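Please read them with the coordinates open alongside.

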Amino acid sequence: ALCDATLQVVVVLHTTTGWNLIVQNCKSLKQIIFYFKATCALVVAEATLPSIHTEKQNDFLHDLVSNATKHHDRPFWIGFNDINVEGNFKWSDGSKINFINWYNEVPDDFNEHEDCVHMNHHIPKKWNDLPCDEKLPYVCAYQNKS
Ligand SMILES: [Ca+2]
Ligand SMILES: [Ca+2]
């Protein structure tokens with residue numbers, strides 16, 4: 001099954017005072033689709049996988065998922081991908097690229113089949129490309145407008 005007890009969806013809320021966290025076990029969601037924008041939209045309509053623009057944000061997400069999953073350095077999806085044009089990575093929320101944190105010698109598009117990016121590849125906080133249909137925890141982020 002796609003959804004198991006160890007898999008969690010972590011929702012990050014950006015508020016005026018900082019980031020708040022809601023953790024949902026995936027069993028609480030009616031449908032689980034891995035990776036694409038629609039996945040996060042199932043959690044919160046306007047949510048996307050997170051973009052990362054500073055080392056501090058990278059550290060924050062790493063620590064957040066470690067705490068939420070109770071599993072240190074488990075790989076999880078971030079919003080970076082080259083789904084549309086091979087080799088041309090973009091953030092799924094459309095924001096500009098001003099920070100990257102690849103592991104050595106990646107992205108490698110292994111078997112010409114890796115278009116989605118996760119954190120915690122061998123070394124904590126380092127990124128790697130993987131097939132988009134891999135089952136990994138992920139983070140959804142959205143702006144809290146209230
Ligand atoms: Ca690729
Ligand atoms: Ca790879």
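How many bridges join β5 to β6, and in which sense do the two strands run? Five bridges join them, and the strands run antiparallel; the points below begin with the basis of the model and then return to this pair.

1. Basis of the notes. This is a predicted model, in which local features need pLDDT of at least 70 and side-chain atom pairs count only at pLDDT 80 or more, whereas totals for chains, interfaces and linings use all residues. Residues are numbered from 1 along each chain as its sequence is written, and chains are lettered from A and ligands numbered from 1 in the order in which they are written.

2. Confidence. The pLDDT, the predictor's confidence in each residue on a scale from 0 to 100, has a mean of 77 over the protein chain, with 64% of the residues reaching 70 or more. Confidence is lowest in strand β1 (residues 8–15), where the mean is 56, and highest in β6, where it is 97. Over residues 29–38 pLDDT stays under 50, and for this stretch the model has 18 contacts beyond four places in sequence, a contact being a pair of residues whose C-beta atoms, placed from the backbone, lie within 7 Å. Where pLDDT is low, the predicted coordinates should not be read in detail.

3. Overall architecture. The protein chain has two helices and seven strands, which follow the pattern β-β-α-α-β-β-β-β-β along the sequence; helices (H or I, at least four residues) and strands (E, at least two) are DSSP runs numbered from the N terminus. Of its 146 residues, 30% count as buried, where buried requires 20 or more other C-beta atoms within 10 Å of the residue's own, exposed 12 or fewer, and partly exposed a number in between, with C-beta atoms placed from the backbone. Among contacts between residues at least 6 apart in sequence, 61% join residues at least 24 apart.

4. Strand β3. All six of the six residues of β3 (residues 76–81) are buried, so the strand is largely enclosed by the rest of the structure. Phe76, Ile78 and Phe80 point one way from β3, while Trp77, Gly79 and Asn81 point the other way. In a regular strand the side chains alternate between the two faces of the sheet. Two strands are taken to pair if DSSP finds at least two bridges between them; on this basis β3 pairs in the antiparallel sense with β5 (residues 116–121) over three bridges, and with β4 (residues 90–91), also antiparallel, over two. Trp77 has His118 of β5 as its bridge partner, Phe76 stands opposite Met119 in β5, and Asn81 is partnered by Lys90 of β4.

5. Strand β5 and its hairpin. β5 is mostly covered, with six of its six residues buried. The hairpin of β5 and β6 has one residue between the strands, and His122 takes a positive phi near 65° there, while His121 has Ile123 of β6 as its bridge partner. Asn120, found in β5, has a phi near 75°, a positive value in a residue other than glycine, and counts as buried with 21 C-beta neighbours inside 10 Å.

6. Nonpolar core. A nonpolar core is here a set of buried Ala, Val, Leu, Ile, Met, Phe, Trp, Tyr and Cys residues joined through C-beta atoms within 7 Å. The largest one has 19 residues, of which Leu49, Phe76, Trp77, Ile78, Tyr138, Val139 and Cys140 touch the most other members. The elements that give two or more residues to this core are α2 (55–69), β3, β5, β6 (123–130) and β7 (138–143).

7. Trp91. This residue is found in β4 and is partly exposed, with 19 other C-beta atoms within 10 Å. Leaving aside neighbours within four places in sequence, Trp91 is in contact with Ser51, Gly79, Phe80 and Ile97; the C-alpha atoms of Trp91 and Phe80, 11 residues apart along the chain, are separated by 4.6 Å.

8. The loop between β4 and β5. A cis peptide bond, with omega about 5°, joins Val106 and Pro107, and Pro107 lies in this loop. Asn111, in the loop between β4 and β5, has a positive phi near 55° and counts as exposed, with 7 C-beta neighbours inside 10 Å. Most residues other than glycine have a negative phi, and most peptide bonds are trans. Phe110, also placed in the loop between β4 and β5, is exposed, with 12 other C-beta atoms within 10 Å.

Terms used. Two residues are in contact if their C-beta atoms, placed from the backbone, lie within 7 Å.
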